[in-house]
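I opened my notebook to look at a new protein. Here is what I looked up, step by step.

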Amino acid sequence: MDQALNQKIDAYIAENKEQLLQDIAALVAIDSVEGTPEEGAPFGAGPRAALDKTLELAAGMGFATRNCENYIGYAELAGADPEKYLATICHVDVVPVGNGWTADPFKMRIQDGWLLGRGVSDDKGPMIVTLYALKFLKEQGYQLRYPIRAIVGDNEETHMNDVKYYLENYPAPVFCFTPDAEFPVCNGEKGHFGGKIVSPVCNGVIAEFEGGVANNAVPDRASALVKTDIRKLKNAPNITLEPEGDGVRVRGWGKSGHAAMPEGTVNAIGLVVDYLLDNGLCNDAERAYLEALHKLHSSTAGTGLGIDCADGPFGPLTIIGGRIYMEDGKLVQTIDSRFPTCTNGEKLTAQVTAALGEGAKLEDVDAAEPFYIAADSPAIRACIDTYNEVTGENATPFTMGGGTYARHFPYAVSFGPEHEDVKLPEFGGPMHGANEAAPIDKLLEAVKIYILALLRLEEIDF
């Protein structure tokens, strides 16, 4: 790396640090959880407000910006080749708040060098980081070969209809990276399999059952209201019992986390399911359904359902149950599986259906196959070499179970800015969790990595 350039970037980051943090705070302040579609806001008012704010910040830095019919937007740095452009894409929508926060999730706080607030790491912090990487290139007056677009998504956490709209109406970038995962660089994502496990109308002992806030998060709490006498019930670990009306509220207390990385989580729905089964709080139809759910919750590797498998690039399959609720007298459990190349959507549908037996039906299945780009392709090399140069590491690309925007573009990867080996402080939580936290020094380092990677990508013949 050129020493003079290195010093220039360091000086730029020091100079812009306070404003960069203020800009992240301005985005965090907007509750951009997906809402009801309305005129001019296809994903609800919150995501639209966050899109507008991001484009306003980008315009303030002097970029040409475009709101793509309120579905998505971008800030652009001009380049010589009008036919081909590079892109970064982050998203400014967030997952629901969930429980367990120690302060207002939409008011960014700084503690011991960490940012805290919903979206600081996923993905509002990285969004601002990419704008500042482009701002450096603009201020230095680089004559770019390829224009660079910082695309602003706002429907990533649920359906990715923002990108679907963009790719149907705008040309795709020749290469794109999304700062929405871990460094060094992710060159493959597992397939995704989702659906609902639905009971018949049971008219039994369970009057209510609810738990979870998102299909792609392991819930840390769940509860069922059952018709029984509390004096008949025995205590169990991580279960609390409360009299309610003429029944008992059975609450499970687990440990939340992301569906793609469920190791170490405890699914509260599974705790309640097992308690109901162990204590006979069900009629025959309910028992058959709960036994099907027990198979789901018994292992995040899918062993209980007989779908466990693993391969070389991706490792083992994962599966979790995210939300449970009652609808029209039926119990509905959502599932979220990330699968490697040793299986596919059809096979999983058949295996899960067989495992559920008569007691439950698998409905609303959707599946997306895994994607993988060879680690030695030039654009991947540009990303990984830059990362290693800046950090002094000797890291290699990895694959993951998380699903990012990358899988929707013809040629794309996810590229930082999280670090697997950075331990969260006691007061901080993971993305999708309570007290979501991001380390300031790593976000600033990412500005440098993105500047240098974009300069390298500019030299590749696409």
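I began with the secondary structure and found 9 helices and 26 strands (DSSP runs numbered from the N terminus: helices are H or I with at least four residues, strands are E with at least two). I noted that this is a predicted model, where local features need pLDDT of at least 70, side-chain atom pairs count only at pLDDT 80 or more, and totals for chains, interfaces and linings use all residues. Residues are numbered from 1 along each chain as its sequence is written, and side-chain values use heavy atoms, leaving out hydrogens and water.

Next I looked up the overall size. The C-alpha atoms fill a box of roughly 75 × 45 × 45 Å along the principal axes.

Then I went inside. Buried residues make up 56% of the 462 residues (buried means under 20% relative accessible area with a 1.4 Å probe, protein chains only; exposed is over 50%, and partly exposed is in between).

The largest nonpolar core has 88 residues (a nonpolar core is a set of buried Ala, Val, Leu, Ile, Met, Phe, Trp, Tyr and Cys residues joined through side-chain atoms within 4.5 Å). Ile24, Phe415, Tyr450 and Leu457 touch the most other members. Helix α9, residues 440-457, gives the most to this core, with 13 residues.
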